[in-house]
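Thank you for coming, everyone. Let me put the sequence and the structure on the screen, and then I will go through them step by step.

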Amino acid sequence: MYGYQITQRAKELTEGELEMTEGALYPLLHKLEADGIIKAEVQEINGRSRKYYLLTDKGKKQQATQEDEMRSYLFNLKTIFDI
Amino acid sequence: MMTKENLTEIEKYLKSKNLSSVVFAEVYDHFVMQISELMYNQENSFPEAFLQTKVNWQNELKMVKADLFSFKRIAEIEKGVLQGRFRRMMIIASGLSLVLGTIFYFDQHVYLYIQEALIMTHLLFLMYHFVFRKMSFSEYQKMAFHPLLLRNLLLMLLILPLTNIIFSTTKNLWEFPLNHMFVTFSVILQIQLLYFRTKKINVLMV
C-alpha cells in the first residue's frame with residue numbers, strides 16, 4: 001500500500017472514525033522502514049514515483065505479537081466491564 | 001482530468017517547501033491523488049481542490065526551524081522524519097562513546113587504537129567524498145555547523161569547566177574519560193553524516 005491509500009483505507013475501515021494526519025503518517029512510515037518493520041518499493045505510476053510499503057518478515061512477526069497483545073487487552077477490558 | 005499545467009503548479013508549490021527528494025516524491029503523489037479525488041468525487045474544480053488540499057496540509061507543510069541549533073527552515077513533515085533520524089544517530093553516537101569512555105577508563109592503549117580507527121574511517125569517508133566529488137569543501141565546512149554537532153559542542157562547553165570545578169583539579173582535562181567521550185561522539189556523528197550523504201539520505205547536511 002502507498003501513503004494515500006493507507007489514509008483512505010484507515011478511514012474506510014473505521015467509517016471515518018480514524019483520520020490519519022499525513023504529518024504523523026509519513027514520519028512513522030520512515031521510522032518503521034528504518035527499523036526494518038516495513039520495506040519500500042518505488043514504482044512509476046503515470047510518470048510519477050509511488051512508494052509502496054510492504055511488511056517484512058520481522059514486521060509480520062511483530063504484527064502477530066501486537067495483535068495478540070491487543071486481543072488479550074480488549075478481552076481483559078471486556079471482562080472488567082461485564083462484571 | 002488534471003492537465004500538465006495543474007501538475008506543474010502542484011510541483012512548483014511543493015518545491016517551495018524545500019522537501020528532500022524522497023519526501024517530495026511521496027507528498028507529490030499524495031497531493032495528486034487527493035486533488036484527483038476531490039475533483040472527481042466532489043466535482044470540485046482544480047483551483048478549489050488544490051486549495052482544499054493545501055489547507056488540509058497546512059500544518060504539515062508549515063516552515064519551521066529544523067532543530068533548536070539549526071539555521072535552516074524546513075517543512076514540519078520533513079522535521080518529523082529528520083528528528084527520528086537524528087534521535088537514532090544520537091543514540092548510536094552516545095552508546096558507542098559510552099563504550100569507548102569505559103574502555104579509556106580501563107585501558108588507554110586499546111582506546112587509542114579504536115579512536116585512531118574511527119578517525120581513519122572518518123578521513124577515508126571524507127577522501128571518498130572529495131575524490132568522487134560527492135561534496136565540496138564549502139559543504140564540508142557547513143557540516144561543522146550541523147545542529148547535532150553544535151549540540152555536542154555546547155554540552156561540551158558546559159560540562160568541561162564543570163569537570164574542572166567538581167574535581168578541583170588543574171590536571172590535564174584529557175585525563176577524564178568524559179572529555180574523550182565528547183570527541184568520540186563527534187567523530188561517530190560525522191561518520192554517520194557522511195554515510196547518510198553517500199546513501200543520499202537527508203540528514204540536513206547543506
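What pLDDT does chain A average? This is a predicted model, and chain A averages a pLDDT of 89, with 100% of the residues scoring at least 70. Within chain A, the lowest confidence falls in H2(A), where the mean is 84, and the highest falls in helix H3 of chain A, residues 57-82, where it is 94.

For chain B the average pLDDT is 86, and 95% of the residues score at least 70. Confidence in chain B is highest in helix H1 of chain B, residues 4-15, at a mean of 94, and lowest in helix H7 of chain B, residues 147-166, at 78.

Let me turn now to the place where the chains meet. Chain A brings 18 residues to the contact, and chain B brings 18 residues as well. Between them, chain A and chain B bury about 1600 Å², and 57% of that area is on carbon and sulfur atoms.

Which charged and polar pairs cross this interface? The rule finds three salt bridges between chain A and chain B, and in one salt bridge Asp29(B) is joined to Arg48(A), with the closest N and O atoms 2.8 Å apart. The rule also finds eight residue pairs in polar contact across the interface, both residues of each pair being at pLDDT 80 or more.

On the side of chain A that touches chain B, helix H1 (3-13), helix H2 (22-34) and strand S2 (48-55) of chain A each supply at least two residues. H2(A) gives the most to that side, with six residues. By type, the residues on that side of chain A divide into six nonpolar, seven polar and five charged.

My last topic is the aromatic rings, of which the rule counts 14 pairs over all chains. One of them is formed by Phe31(B) and Phe50(B), an edge-to-face pair with 6.4 Å from centre to centre and 75 degrees between the planes. Because Phe31(B) lies in helix H2 of chain B, residues 21-41, and Phe50(B) lies in helix H3 of chain B, residues 46-56, this pair ties together parts that are 19 residues apart in sequence.

Note on methods
Residues are numbered from 1 along each chain as its sequence is written. Chains are lettered from A and ligands numbered from 1 in the order in which they are written. This is a predicted model: local features need pLDDT of at least 70, side-chain atom pairs count only at pLDDT 80 or more; totals for chains, interfaces and linings use all residues. Side-chain values use heavy atoms; hydrogens and water are left out. pLDDT is the predictor's confidence in each residue, from 0 to 100. Helices (H or I, at least four residues) and strands (E, at least two) are DSSP runs, numbered from the N terminus. Contact means heavy atoms within 4.5 Å. Buried area is the accessible area (1.4 Å probe) that two parts lose on being put together, summed over both. A salt bridge is a side-chain nitrogen of Lys or Arg within 4 Å of a carboxyl oxygen of Asp or Glu. A polar contact is a pair of N or O atoms within 3.5 Å; within protein, one must be able to donate a hydrogen and the other to accept it, and residues adjacent in sequence count only if both atoms are side-chain atoms. Ala, Val, Leu, Ile, Met, Phe, Trp, Tyr, Cys and Pro count as nonpolar, Asp, Glu, Lys and Arg as charged, and the others, Gly among them, as polar. Rings of Phe, Tyr and Trp (its six-membered ring) pair if their centres lie within 6.5 Å; planes under 30 degrees apart count as stacked, over 60 as edge-to-face and the rest as tilted.
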